[in-house]
Amino acid sequence: MLVLLTLLLALPTAPAQVDASERQRLEAEIAAGDRLLEARRAEIEAITRSLGATDASLRARIGERDRAAADLAELARQRLDLQEGLATLTAEV
């Protein structure tokens, strides 16, 4: 909106002055646009913070999952070792 106002004022065919009521209306529109812009920035900031918290939570859960997967892989390896040891003992008896 501010860009449009700037362009309108910069045009060579635009009148040199704007009457007071038109000026007040334009200033009110600019102020309303600024308030909306600030509200949108606040919303974006809140969403960004929320996404950051979600990201941290997901990374923690992925870390837990990876540790559990590593533990399971180690237990599977130990089980295989025990089965091989049992097969060796059984064959010797």
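Biologist: Why is arginine 59 called exposed?

Modeller: Arginine 59 has a relative accessible area of 59%. Exposed means over 50% relative accessible area, buried means under 20%, and partly exposed lies in between, with a 1.4 Å probe and protein chains only. Arginine 59 is therefore exposed. This is a predicted model, in which local features need pLDDT of at least 70, side-chain atom pairs count only at pLDDT 80 or more, and totals for chains, interfaces and linings use all residues. Residues are numbered from 1 along each chain as its sequence is written, and side-chain values use heavy atoms, with hydrogens and water left out.

Biologist: What makes the contact between aspartate 55 and arginine 59 a salt bridge?

Modeller: The N to O distance between their side chains is 3.0 Å. A salt bridge requires a side-chain nitrogen of Lys or Arg within 4 Å of a carboxyl oxygen of Asp or Glu, so the pair qualifies. Both residues lie in helix α2, four residues apart, about one turn of the helix. Aspartate 55 has a relative accessible area of 36% and is therefore partly exposed. Elsewhere, salt bridges that share partners join Glu22, Arg25 and Glu29 into one network.

Biologist: Why can such side chains pair at all?

Modeller: Side chains of opposite charge can pair when their charged atoms come close.

Biologist: How do you know that glutamate 27 and arginine 23 form a salt bridge?

Modeller: Their closest N and O atoms are 3.1 Å apart, which is within the 4 Å limit. The two residues are four residues apart in helix α2. Glutamate 27, at 41%, is partly exposed, whereas arginine 23, at 51% relative accessibility, counts as exposed.

Biologist: Why are arginine 40 and glutamate 43 each called partly exposed?

Modeller: Arginine 40 has 42% relative accessibility and glutamate 43 has 43%, so each value falls between the 20% and 50% cut-offs. Their side chains also meet in a salt bridge, at 3.4 Å from N to O. The structure holds nine salt bridges.

Biologist: How do you know that the span of helix α2 is close to the expected one?

Modeller: Helix α2 covers residues 20-92, 73 residues in total, and reaches 107 Å from its first C-alpha to its last. Helices are DSSP runs of H or I with at least four residues, and strands are runs of E with at least two, numbered from the N terminus. The protein chain has two helices and zero strands.

Biologist: Which residues of α2 are buried?

Modeller: Leu26, Ile30 and Gly63 are buried in α2. Buried residues make up 4% of the 93 residues in the protein chain.

How values were computed
Expected span 1.5 Å × (residues − 1).
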